[in-house]
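Me: I'd like to learn how to read a model like this one, feature by feature. Where do we begin?

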Amino acid sequence: AAPSQPLDIMSAHMKSYPSIGTSQTMVTAALAIQPELKNQLDAIEQIEVAMADVPSIRLQQADLMRSHPETREAADHSFTFLPCVTFVDGELTDRQFENERWHDPAIRQLMNRVTLTVDADLRDRAPGSMPCRLRVTLAGGKEIVSECLYPPGHSFPDKGLDPEAVKAKFHSVTAAVLPESARDRIIATVFALSDAPSLGELAATLAKDGVV
C-alpha cells in the first residue's frame with residue numbers, strides 16, 4: 001500500500017561530487033564544457049562564475065579563505081578552485097584534492113582568472129536549487145558558456161532522485177574497493193528492494209561480495 005504521508009527520502013538531495021552543496025551545479029556546468037576546453041586551457045583569459053543572488057551565496061563568495069584555499073576543507077568549498085581543477089582533470093573526485101592541488105601553479109594560474117558574481121535571474125529560474133552559469137572567455141574573444149540549474153543529485157517533488165545519478169555516485173565511491181560485477185549486483189539488489197519481502201537478499205548480496 002502507498003504510504004499515507006510523503007516519504008522524507010523523496011525530498012532528500014545527494015551530493016554527486018565531494019564538494020560543498022552550493023558548488024554542485026558549478027561542477028556539473030564545468031564538466032559539460034571540459035571536453036571543449038581541455039586543449040585550450042592556456043587560452044583562457046577569464047572564467048566568470050555566476051551563482052544565485054541569495055545572501056548565503058554572497059557570504060560564501062566573499063570568504064577569502066575559500067577564494068585562496070590553503071587546506072582541503074577550504075578547497076572543497078572554493079568557487080575558484082573547483083571549476084579550475086575540473087577543467088584540467090575532467091572530473092571531480094577525491095583524487096582532485098590529493099597532493100594539495102590548489103597549490104599547483106597551473107591550477108593557480110586559472111584560479112587567478114576567476115571572477116565571482118551573482119544573478120537574480122538564476123535564482124528565480126531555479127527555486128530550491130543553487131544554480132550556476134560559467135562563462136569562459138578565450139584569447140580572441142570567443143566565449144564558451146555552460147549553465148546548470150539543478151545538479152544531478154537534486155530531488156524533485158514526486159520523483160525523488162535520478163536513479164542514474166545515484167548509480168554513478170555509488171560507482172565513483174566504491175570503484176577502488178569493489179569490482180564492477182559486485183557493484184552491479186549490489187545496485188540491482190537495492191533497486192529491487194521495493195518488491196522484496198525483507199532485507200535478507202540485500203544482506204546476502206553484501207556478504208557475498210565481502211562488504212559486510
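Reply: We begin with one residue. Ile186 has a relative accessible area of 6%, so Ile186 counts as buried, the cut-off being under 20%. Bear in mind that the model is predicted.

Me: Which element holds Ile186, and which residues does Ile186 touch beyond four places in sequence?

Reply: Ile186 sits in helix α9. Leaving out residues up to four places away in sequence, Ile186 touches Phe170, Leu178, Thr205, Leu206, Asp209 and Val211. Take Val211 from that list. Ile186 and Val211 are 25 residues apart in sequence, and their C-alpha atoms are 9.9 Å apart in space.

Me: How do helix α9 and helix α10 cross, and at what angle?

Reply: The axes of α9 (residues 180-191) and α10 (residues 200-208) come within 10 Å and cross at roughly 170 degrees. Angles over 145 degrees count as roughly antiparallel, so α9 is roughly antiparallel to α10.

Me: Which residues of α9 and α10 meet?

Reply: From α9 come Arg185, Ile186, Thr189 and Val190. From α10 come Glu201, Leu202, Thr205, Leu206 and Lys208. By class, this contact has 4 nonpolar, 2 polar and 3 charged residues.

Me: Now the sheet. In what order do the strands lie?

Reply: The open sheet has 4 strands in the order β2-β1-β3-β4, with mixed pairing. β2 (114-119) and β4 (143-148) stand at the edges with a single partner strand each, so one side of each has no neighbour in the sheet. On average, neighbouring strands are turned by 15 degrees against each other, direction ignored.

Me: What should I look at in β3?

Reply: Start with burial. In β3, 6 of the 7 residues are buried, so the rest of the structure largely encloses this strand. Then the pairing. β1 (residues 44-52) and β3 (residues 132-138) run antiparallel over 7 bridges. Met51 has Cys132 as its bridge partner, and Glu48 has Arg135.

Me: And how many bridges join β3 and β4?

Reply: There are 6 bridges, again in the antiparallel sense. Thr137 stands opposite Glu143 in β4. The two strands form a hairpin with 4 residues between them. In the turn, Gly140 has a positive phi of about 100 degrees.

Me: Which helices lie across the strands?

Reply: Two to look at. Helix α1 (residues 24-37) lies across β1, β3 and β4, at about 145 degrees to β4. Helix α2 (residues 55-62) lies across β1 and β2, at about 165 degrees to β2.

Me: Last topic: aromatic rings. What describes a pair of rings?

Reply: The distance of the centres and the angle of the planes. This structure holds 2 aromatic pairs. In one, the rings of Phe81 and Phe97 have centres 5.8 Å apart and planes at 50 degrees, so the pair is tilted. Phe81 lies in helix α5 (residues 81-89) and Phe97 in the loop between α5 and α6 (105-111), so the pair ties together parts 16 residues apart in sequence.

Me: What kind of pair do Phe81 and Trp102 form?

Reply: An edge-to-face pair, 6.0 Å centre to centre with 85 degrees between the planes. Trp102 is in the loop between α5 and α6, so this pair ties together parts that are 21 residues apart in sequence.

Notes
Residues numbered from 1 in each chain as written. Predicted model: local features only at pLDDT ≥ 70, side-chain atom pairs only at ≥ 80, totals over all residues. Heavy atoms only, no water. Pairing = 2+ DSSP bridges. Axes fitted to C-alpha atoms, helices over the stretch in contact; angles between N-to-C directions. Contact = heavy atoms within 4.5 Å. Parallel < 35°, antiparallel > 145°, perpendicular 65-115°, else oblique. Nonpolar A, V, L, I, M, F, W, Y, C, P; charged D, E, K, R; others polar. Buried < 20%, exposed > 50% of the residue type's maximum accessible area, 1.4 Å probe, protein only. Phe/Tyr/Trp six-rings, centres within 6.5 Å; stacked < 30°, edge-to-face > 60°.
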